[in-house]
Each structure stands twice: as C-alpha cells, then as structure tokens.
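Here is a short briefing on a two-chain model. Look at the sequence and structure first, then read the points by topic.

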Amino acid sequence: MVAIPSKHKSLTLLAGVLLAQLLLLAVQIKRDSRGRLIRVWAISAAYPFERSGAWGFEKIRGVWTHYFALQDTEKENEALRVENDALKLTISQLQGRAAEADRLAALLSFKQSHEKVPIVGGRVIAASAGTASRTVEIDRGERDGVRRNMAVITPDGAVGKVIEVYRDTSQVLLLTDKEGGAGAMLVDTRTQGPVGGTGEPTMLMKYVATEENVPVGEKIVTSGMDKIFPRDIPIGTVVEVKAGNPFKQIRVQPAAKLDRLETVIVLLTQAPVEFKNEAQVSQGPGPAAAAEKP
Amino acid sequence: MNETYELRSGETHIEVHKFYPGAVFLAAVVALVFQATGPVYFPKLSILDLPMLVTIYFGLSRRNPSTGLLLGMVIGLAQDALSGPTVPLGFYGIAKTVIGYLASSIGARLDTEHPAARFALIFSFFVVHQGIMALIRRLLQSEPEVWLNLHLVIAAAVNAFLGTLLFLALDRLRRSS
C-alpha cells in the first residue's frame, strides 16, 4: 500500500515550500533604495514589535528611574542646588561687574567731555542708616581735594552736596533730603526757583508763580544761583503740577538715580562750568547705562 | 508496489500510475536541457515551457499533491538556476510548485487521460502559471508584467496542443498494470 498524504498535510507542505521559496526570492530581490526584499520584510515585520518593545522598555525604565532608582536623587538634587546657587552668585557678580564697568565708562565719558572741569570720581560706600535723612558716604575725602559744599553729580544729573569731609571719605546730602536742595530753573521758560527735598523719592520746586505755564515733562536744571552747583546741570523732570496761591506746587522726579547710587562725581570747583545737557552726556556711557535711561 | 493501483475518490475509481525507475528524473532533465538550449538554435521554441508540461504530466499521473508540488519545486528551481542571473531563484520554483500541487490535486479527482481534458488542463495551467509569475513580478520585483494578452493565449494554446502530444509520448514511460 502506498500511503497517500492527507489533504491537510499536503497543504501544509505546499505552504512551507512556497514560504521557503518566497524567502529565497526575498533574499535575492533588491528594492532600489531599500536593500534586499528580505531586509525590507524583516524590518517591516519587526517594526511593530520593536515599537512595542521600545515602548515597554521606556515605560519600565521610566518606572524604574522615577520610583525605584531614586536613592541618589536627593544627593544629586542637593549638589545641583548648591551648584545652582553658586552659578547664580557668579551671574550676579558678573552682572554687577558689567554694570560697574558701564558706570565707570559713563564717568570716564563724562570726564573726557569735561576735561577742563576738575572733578574726582567716587564710590558710594555707605548710605544713611535711617529713613530720616538721605545721605550717602563716598570713598573720597580731604586727601582727594574734596571740600564741604562741593557739588556731587552723576552723568545723569545733580546728586547733592558734600556736607562733611573726612580724611578719606565724605558725606553727601542728597537733593531728596528734607535739608537738601539746589538753585534751579525750568529749561524752556528759564523760570527760576529752588528745588528741595521732601524726604521722599521726588522733590518740590518752590516759588514758581501761579501765572507761570509749567507743563508736565519739562526739564529742570541747576541755575547756579546757589553757588554750589554750576549752571545747567540736570536736576529732574516735572511730573506733577498743582495750582496754588500764590505759588504752584511742582513735583520733580530727580534726573539722577538717587535711590541706587554707586558711583558719583565730585566737582572740585565751584567756579562756573559749562555743563553739557543730559542728552549729550548720555551718548558717552556704555550700553548698560544707556539702557537704564528712561 | 510498482504496479498501477487505484485511488478511490467517492465512487470514482482513478488509476495512480507508476513509472520506470529514473523516468521522472530523465524526463525532467531532458525538458530542462531542451528548454535551456532549444531556443538558442530555434528562438520560436521559447514559446514552449517544457518543464511546466513535465510538471503537469507527472502531477496528473502520480496524483499525489505532496510529490507533485515537490517535483514542481525541484523542476522550477532548476529552471531558475538555468535561466541566468536576471531570474531569481524561486521565480519559476513557486509557479511550478503551485502547478504541481494543482495538477496532482486535480489528477486525484478527475480522469485526465482523455486528450481533450489534457488540452484544457494544460491550457488552464499555463494561464495560472503565467498569472503566478506576473504576480511575483508585480509584487516582489515591482516590475510591470502583463497578466494575459493575445501572445500568451496563443502560447497557452500551443503548449496545450504540443503538451497533449507530449503526454502521449510520456505515457509510454508508464509501467503497465
């Protein structure tokens, strides 16, 4: 008897033989840019499993790293926090140095633009301990030629006057102090009147008649009448005008940044000097100083 | 065991033929050699597919799907090997495997001894054979291949006619019952 294979067996054999030959074909046939067909098939067939596997491994790794492998995270966080603080400090120092460089550049520019004016630059080393007075202490004193009642300015405008002089330091009374002030005048109308401090960040211009037209935004400069400040040093800008009898109440925003002084210029003479206006002076300073301009 | 025996398929009694030793091998080799060398001297002979005819004949006669498909596979792969580097191994192999299987399966169910039946079967198998090759060309090799045209119909008819005659000659290789 000859054993006749069942239909199922022969179909299985047919499928196997065809599959083997298909694979044989796939090994030989090349697709233009994708290599041999067997590789294309293999990659296509494996792709869903690879993707699933990658997804699974990613999840497993995520669970592991986020929930189980955290024993070193606290130390690492602490180290990073320390490093972050150090970096912040470094950045702060660098920013300070950059700002200081800008300020020094502004001073240098001011000095170069006023070569004939005897001046000395100083650094603010202390401020008044209380709120009752607005004074600062600078690192220039008698040895540097500083004397009482000398004008103290910045490239932005008037700051105040020297009220006490020591060997190496001096005290400066700011314009915003209740005792501070300077002879002033409106730039456009040349109307004169003293500007005095109120103990607040802004100042008041006094004795301007009610009839005078004083628009908000008008610039105010020194008049030179106080024998301390030379003429035409910027004092500030009119920010508020109220009618009064017999004088207006004019509130002035200081031109110099009196609440954050770091470097100042002491004019070593009280003789009249030609002071360039604010716009001309501001062309000289570095970018940081220029950026701080309103 | 070398005698002809009967395969019962329902109520139909179909003979399963045995051949002289080496007859299948010899027929296959001759067909392959003829297919490889004949068209070199007589180009019009390329219209014939003798390996396919041999596959069909022994498939129909042996009526065993497993041996039929294996014979088809061997003949097809040999034809691939002899067809040069442009034909990948498995191209004819797959086609003739299927033909061998179909021929054996049909041979186990129908009486295929009548010349008219043989003509029809060869014609049909030729078309199926061509269809499989076109499918492979299109799907695997991304090459345009016609499914069927007038030339192929004529080729199918020629193969069917000559195949019918060839089958009569091959019948002489059978052992008598």
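Which residues does Ala158(A) touch, not counting residues up to four places away in sequence? Ala158(A) touches Ala151(A), Ile153(A), Leu175(A), Ala182(A), Thr222(A), Phe229(A), Ile233(A), Pro234(A), Ile235(A) and Ala256(A). Touching, or contact, means that the C-beta atoms of two residues, placed from the backbone, lie within 7 Å.

This is a predicted model: local features need pLDDT of at least 70, side-chain atom pairs count only at pLDDT 80 or more, and totals for chains, interfaces and linings use all residues. Residues are numbered from 1 along each chain as its sequence is written, while chains are lettered from A and ligands numbered from 1 in the order in which they are written.

**Nonpolar cores**

- The largest nonpolar core has 45 residues. Ala158(A), Val159(A) and Ile235(A) have the most contacts inside it.
- A nonpolar core is a set of buried Ala, Val, Leu, Ile, Met, Phe, Trp, Tyr and Cys residues joined through C-beta atoms within 7 Å.
- A residue is buried if 20 or more other C-beta atoms lie within 10 Å of its own, exposed if 12 or fewer, and partly exposed in between; C-beta atoms are placed from the backbone.

**The barrel in chain A**

- Six strands, in the order E8-E9-E10-E13-E12-E11, form a closed barrel of 6 strands in chain A, with antiparallel pairing. The twist averages 40° from one strand to the next.
- Strands (E, at least two residues) and helices (H or I, at least four) are DSSP runs, numbered from the N terminus. Two strands pair if DSSP finds at least two bridges between them.
- E8 (residues 181-186) and E9 (residues 192-197) of chain A pair over 5 bridges, in the antiparallel sense. Here Ala184(A) stands opposite Gly193(A).
- The hairpin of E8(A) and E9(A) has 5 residues between the strands. In this hairpin, Arg190(A) takes a positive phi near 60°.
- E9(A) and E10(A) are also joined in the antiparallel sense, over 3 bridges. Gly196(A) stands opposite Leu204(A) in E10(A).
- Their hairpin has 5 residues between the strands, and Gly199(A) takes a positive phi near 85°.
- E10 (residues 203-205) and E13 (residues 249-254) of chain A pair in the antiparallel sense over 3 bridges. Met205(A) has Ile250(A) as its bridge partner in E13(A).

**Chain B**

- Chain B has 6 helices and 2 strands. Along the sequence, the pattern is β-β-α-α-α-α-α-α.
- Of the 177 residues in chain B, 42% are buried.
- Helix H1 (residues 23-41) and helix H2 (residues 50-62) of chain B pack at an angle of about 160°, with their axes 8 Å apart. H1(B) and H2(B) are therefore roughly antiparallel to each other (over 145 degrees).
- Axes are lines fitted to C-alpha atoms, for helices over the stretch in contact, and angles run from 0 to 180 degrees between N-to-C directions.
- The contact of H1(B) with H2(B) has 10 nonpolar, 1 polar and no charged residues. Among them are Val24(B) and Phe34(B) of H1(B), and Leu50(B) and Phe58(B) of H2(B).

**Where the chains meet**

- The contact takes 16 residues from chain A and 18 residues from chain B.
- Helix H1 (residues 7-28) of chain A gives the largest share of the chain A side, 11 residues.

Notes
Parallel < 35°, antiparallel > 145°, perpendicular 65-115°, else oblique. Nonpolar A, V, L, I, M, F, W, Y, C, P; charged D, E, K, R; others polar.
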